[in-house]
Amino acid sequence: MDTALTGMVAGMALGFAGWFGGFGAFLLVAALGAVGFVVGRLVDDGTDVREFLGGRGRGGR
């Protein structure tokens, strides 16, 4: 799926959430979409999510 089509689908989802669920639903859908985008980007780049969330490392103390 190309970027323009993905953007259009995301915009339509946000529009429906705003229309039928109000502003709170709009914000929830936008936040979950942003989280999904970040996780998807990490998976595409081959970065391990646990490594990303783990910080600087826990060993060596």
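1. Let me start with glycine 15: at a relative accessible area of 40%, this residue is partly exposed, because that class runs between the buried limit of under 20% and the exposed limit of over 50%. Glycine 15 sits in helix 1. Please keep in mind as you read that this is a predicted model.

2. A second residue worth a look is valine 9, also placed in helix 1, which covers residues 3-45. Valine 9 has 44% relative accessibility and so counts as partly exposed. This valine belongs to a nonpolar surface patch together with Leu5, Met8, Met12, Phe16, Trp19 and Phe20. Taken together, the patch residues have about 830 Å² of accessible area.

3. For the overall picture, the protein contains two helices and zero strands. Of its 61 residues, 3% are buried.

4. Now to the pocket. Rolling a probe the size of a water molecule over the atoms shows where empty space is left. Here the largest pocket has a volume of about 220 Å³. Its lining includes Thr6, Ala10, Ala13 and Leu14, along with Val29, Ala30, Phe37, Arg41 and Asp44. By class, the lining residues divide into seven nonpolar, three polar and two charged.

Terms used: Residues numbered from 1 in each chain as written. Predicted model: local features only at pLDDT ≥ 70, side-chain atom pairs only at ≥ 80, totals over all residues. Heavy atoms only, no water. Helix = DSSP H or I, 4+ residues; strand = E, 2+ residues; numbered from the N terminus. Buried < 20%, exposed > 50% of the residue type's maximum accessible area, 1.4 Å probe, protein only. 1 Å grid on protein atoms, 1.4 Å probe; cavity = no way out; pocket = protein on both sides within 12 Å on 5 of 7 lines; lining within 4 Å. Points joined across faces, edges and corners; volume = space filled by probe spheres on them. Nonpolar A, V, L, I, M, F, W, Y, C, P; charged D, E, K, R; others polar. Patch = residues over 30% accessible without salt bridge, like charges linked within 9 Å, V, L, I, M, F, W, Y side chains within 5 Å. Areas by Shrake-Rupley, 256 points an atom, 1.4 Å probe, with all protein chains shown as cover. Salt bridge = Lys/Arg side-chain N within 4 Å of Asp/Glu carboxyl O.
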